[in-house]
Every structure is written in structure tokens, then in C-alpha cells.
Amino acid sequence: MASESPPRLRAKPLTPPLHVVLVEPEIPPNTGNIARLCAATASPLHLIEPLGFRIDEHSVRRAGVDYWHLVDVRTHSSFDAFFRAWSEGNPTGRLHLFSALARVSYLRASFAPGDALVFGKESVGLPDALLREHADRVLGIPTLGAVRSLNLANAVGIALYESLRQLGTLDETFTG
């Protein structure tokens, strides 16, 4: 007889949700971890091409990702294509671009439902032109040690959960 899984700590999803945007991600395990995070937080995951890997059903199944069907994955041919699509559905949403080169901490930002959290590729981050175009929206996660940057999946987790915390989404929890 199969045993039931024990209840888990849950919270109600944010409406409209926060959007996680990965610009040209390169490392499949990072994107897999971020996809799981997006499934856990009911946050759409936007992948800006080109991708450093394949996300067709066969490739995802072969990688052992058993939660892909729980993720709202949206692919876009460019950042401009993402921005047009996202703006239409979130006219009041704001972009928050994350960079290791930022001068402002993410802890000083205020987040709102429907906002997009934007992260660059693992090797070089976000394009300089994009950072210049949205210079007033660039945030960083301070580090205490002399590392170049945080792992992409860790950075997304930190930023996404801080956003949800600020918005009160995690205040009322239940088991289910």
C-alpha cells in the first residue's frame, strides 16, 4: 500500500504572480533548479533565447526533471519579444534587473505583484546595453566574501523569496 505524502507548508499564490526571466541561460542544472523554484512559487519562467541547452520533452525527461509540467515556461526569441509580451499582460509591472555590478541592494527595492525579476547568463550576466537602458532598475545581492558572483539559481531564490516576503505572500501559511 502506497503511503500518502505528509502535508507540506504552503501559502496562497500571488496574483498577479512575479515573473522570473532568464536571459540566455547556459547551464541546464541552474535552469532546472530555477524551474522548480518557479513551480513552488507559481511564478512564470521566461527563457530568452538562445538557450545553452534543449527544453523539448525528451531532453527534460532524460534529465530526470519530473516537475516540468508544473512550470509555466514561456520562451522568447529576444528580450524585446519578452518585454512586449510581458508588458501587454502586466501594464503596471516593473522590471528589476539583477547584476553583480549593481550599486543598489535588492533589499532597498520595493516589489509589486506582476513585476519581472530579470537575470543574465551565468558567464557574463546581463548585456551592458540592457543594464544602461534600465540603469534605475538594476539591483544586486551583496556578498560578504570576495566572490565574483552568486550562483544563478541561488540568486533567483534569494530575490524571488524576498519579493514574496515583502508582498506579504508568505505571511499566511497552511499545511496541505
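These are my notebook entries on a predicted model of a single chain.

**Ground rules**

I worked with a predicted model, where local features need pLDDT of at least 70 and side-chain atom pairs count only at pLDDT 80 or more, while totals for chains, interfaces and linings use all residues. I number residues from 1 along each chain as its sequence is written, and my side-chain values use heavy atoms, with hydrogens and water left out.

**Entry 1: the fold in outline**

I began with secondary structure, taking helices (H or I, at least four residues) and strands (E, at least two) as DSSP runs numbered from the N terminus. I find five helices and eight strands in the chain. Reading along the sequence, I get the pattern β-β-α-β-α-β-α-β-β-α-β-α-β.

Next I looked up the overall dimensions. The C-alpha trace spans about 60 × 40 × 40 Å along its principal axes. For the radius of gyration I use C-alpha atoms, and the globule rule is 2.2 Å times the number of residues to the power 0.38. A compact globule of 176 residues would come out near 16 Å, and the chain has 16 Å, so the two agree.

**Entry 2: burial, contacts and charge**

I call a residue buried under 20% relative accessible area, exposed over 50% and partly exposed in between (1.4 Å probe, protein chains only). Buried residues account for 41% of the 176. The chain exposes about 10,400 Å², and 53% of that comes from carbon and sulfur atoms; these areas come from the Shrake-Rupley method with a 1.4 Å probe, and for residues only the protein chains shown count as cover.

For contacts I require heavy atoms within 4.5 Å. Among contacts between residues at least 6 apart in sequence, 77% join residues at least 24 apart.

I also checked the charges, counting Lys and Arg as positive and Asp and Glu as negative, without His or the chain ends. Each charge is placed at NZ of Lys, CZ of Arg, CG of Asp or CD of Glu. The mean positions of the 17 positive and 18 negative charges lie 4 Å apart.

**Entry 3: aromatic pairs**

How many aromatic pairs does a search of the whole structure find? I get five. My rule is that rings of Phe, Tyr and Trp (its six-membered ring) pair if their centres lie within 6.5 Å; planes under 30 degrees apart count as stacked, over 60 as edge-to-face and the rest as tilted.

Phe82 and Trp86 form a stacked pair, 5.8 Å centre to centre with 20 degrees between the planes. Both sit in helix 3 (residues 79-89), four residues apart, about one turn of the helix. Phe82 is buried at 0% relative accessible area, and Trp86 is buried at 4%.

My next stop was Phe98 and Phe119, whose ring centres are 4.7 Å apart with planes at 10 degrees, so this pair is stacked. Phe98 belongs to strand 5 (residues 95-98) and Phe119 to strand 6 (residues 116-119), so the pair ties together parts that are 21 residues apart in sequence. Phe98 and Phe119 are both buried.

I also note that ring pairs link Phe79, Phe82, Phe83 and Trp86 into a cluster.

**Entry 4: two loop residues**

Is Leu144 buried or exposed? With 91% relative accessibility, Leu144 counts as exposed. I place Leu144 in the loop between strand 7 (138-139) and helix 5 (152-166). From Leu144 to Ile55, 89 residues away along the chain, the C-alpha separation is 35 Å.

His134 lies in the loop between helix 4 (128-133) and strand 7, and at 13% relative accessibility His134 counts as buried. Leaving aside neighbours within four places in sequence, His134 is in contact with Phe79, Leu95 and Leu97.

I looked up cis peptide bonds. One joins Thr15 and Pro16, with omega about -15 degrees; Pro16 is in the loop between strand 1 (9-11) and strand 2 (19-23). Another joins Glu49 and Pro50, with omega about 5 degrees; Pro50 is in the loop between strand 3 (45-48) and helix 2 (57-62).

Then I turned to positive phi. Glu24, not a glycine, has a phi of about 55 degrees. Glu24 sits in the loop between strand 2 and helix 1 (28-41) and is partly exposed at 24%. Ala42 also has a positive phi, near 55 degrees. Ala42 lies in the loop between helix 1 and strand 3 and is partly exposed at 39%.
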